[in-house]
Amino acid sequence: MRINSKWNRRGFLATAGAIAGTLLSPRKLFSSNGKVAAKGVSVTGFGSTGNPYEELGVTTLINCEGTMTELGGSLPHPELEAVMATAGRHFVSIPELEVAAGNRIAQMLKLSDAYSALVTSGAAAAIQSGLAGILTGSDEALIRQLPDLTGMKSEVIIQKSHRNPFDHQLRSTGVKLVEIETVDELRAAVNERTAMMHFTNFANAAGQIKVDEWVKLAKQYNIPCMNDAAADTPPVSHLWDYTNMGYDLVTFSGGKAIRGPQCAGLLIGRRELVANALLNNSPHEDTIGRSQKVGKEEILGMVKALDLFLAEDHDALAQEWQGRLELISNEITKVGSVRTSFFVPDIANHVPHMRITWDESRISLTPQEAAKLLREAKPSIAISHGEGRPGLSMNSFMLQPGEDKIVATQLSKLFREHMT
Ligand SMILES: *Cc1c(COP(=O)(O)O)cnc(C)c1O
């Protein structure tokens, strides 16, 4: 018995060690050559045609509008899909994974030690969680109490021209937005209820107080300061520019130009604030952010997306995108009166764009009608019109290989059909 039990114990330990060795060795787990094996699954039933969208009767489209959430944001890199697939093969502690991923992201972005990051379900979630963390700190009762602000600060200062639909995610915490326009108005607005100063990066040109001055003013008053830069990569340096400027919190979309998981975003910020944001977010229950669940797949996917995005040759990409537009331009300007011009928005969707105009007395189409007909045709093309600009405008950074030629053909065809 004694010998036996000793043997059992030793055997158990040895076996346990052997099992642990197997389990903990990622190489053995994922495959013999260290590559992740995701291919070779045959799909039966729904999805077996290879186009589950069409199986539902939903038309896929060619995207000339850019990284629009309403159109599906962006398309992931195949390596990102592979990493997300492996994420789904294991259980982990989500809070532990969040901390590890956040620290890795801060390292990848070469942020100072004062900063970390949190993967959220999007930039909108990052805005809400970031502010929630500022309001509650790590106080569990206050976390449960939101959006009832009794006992907390209750105001966020914002420039009038910076108001936008995403400030709903500030208001959802219960705070009141205090609008100001000038530095004097800002100074008058600061009081003991002021929780945060919010900046909308794309509105930099519209406001009187610019991005660098805003954070300096916040420092003077020792008020935490957030910059919503959701759609403002490229340039890639924006990922660290604003924390280097001193912003306490900065938000980005994962599912726009970074081409991360569609339901992911980043809250980059001071460690303490990021930690308090996580306390207000899923997986923690009875929190305002429990509805903004982030899965292990999105967390690992966001790290991988940044890994890929940082390694990208961004100048070469911009050239490729410009080349696609020029290909389309060369083709469509063969049609009488069609003209093109190129521009790059200063901020947000800072990528090559093309404006397409024509003489409506020679081609009897308004830009609205043209966009509608292109969207309704097969293949379906999503292209922008309006927003105070004449004609149609498009970008090419969300086009897939070969789609530039299809767009050139479809546009030319449409214009020719409507020549008077
Ligand atoms: C897209 C966007 C958001 C929201 O980002 P999600 O990642 O979709 O949640 C917030 N602010 C601005 C300015 C945006 O463009």
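This short report looks at the domains of a predicted model and at the place of its ligand.

## About the model

Residues are numbered from 1 along each chain as its sequence is written, and side-chain values use heavy atoms, with hydrogens and water left out. In this predicted model, local features need pLDDT of at least 70 and side-chain atom pairs count only at pLDDT 80 or more, while totals for chains, interfaces and linings use all residues.

## Two domains

Let's start with the overall layout. An automatic or database assignment gives domain 1 (5-28 + 92-311) and domain 2 (314-417). Their centres, taken over C-alpha atoms, are 36 Å apart. Where they meet, 10 residues of domain 1 are in contact with 7 residues of domain 2 (heavy atoms within 4.5 Å).

## Around the ligand

Now for the ligand. Residues around the ligand (a heavy atom within 4 Å) include Thr69, Phe166, Phe202 and Asp228. This shell divides into 6 nonpolar, 3 polar and 2 charged residues, with Gly counted as polar.

One lies 2.5 Å from a side-chain N or O atom of serine 253, and for lysine 256 the corresponding distance is 2.9 Å. At alanine 123, a polar backbone atom is 2.8 Å from a ligand oxygen. Taken alone the ligand exposes 380 Å², of which the protein buries 84% (Shrake-Rupley method, 1.4 Å probe).

Technical notes:
Polar contact = N/O pair within 3.5 Å; in protein donor to acceptor, adjacent residues only side chain to side chain.
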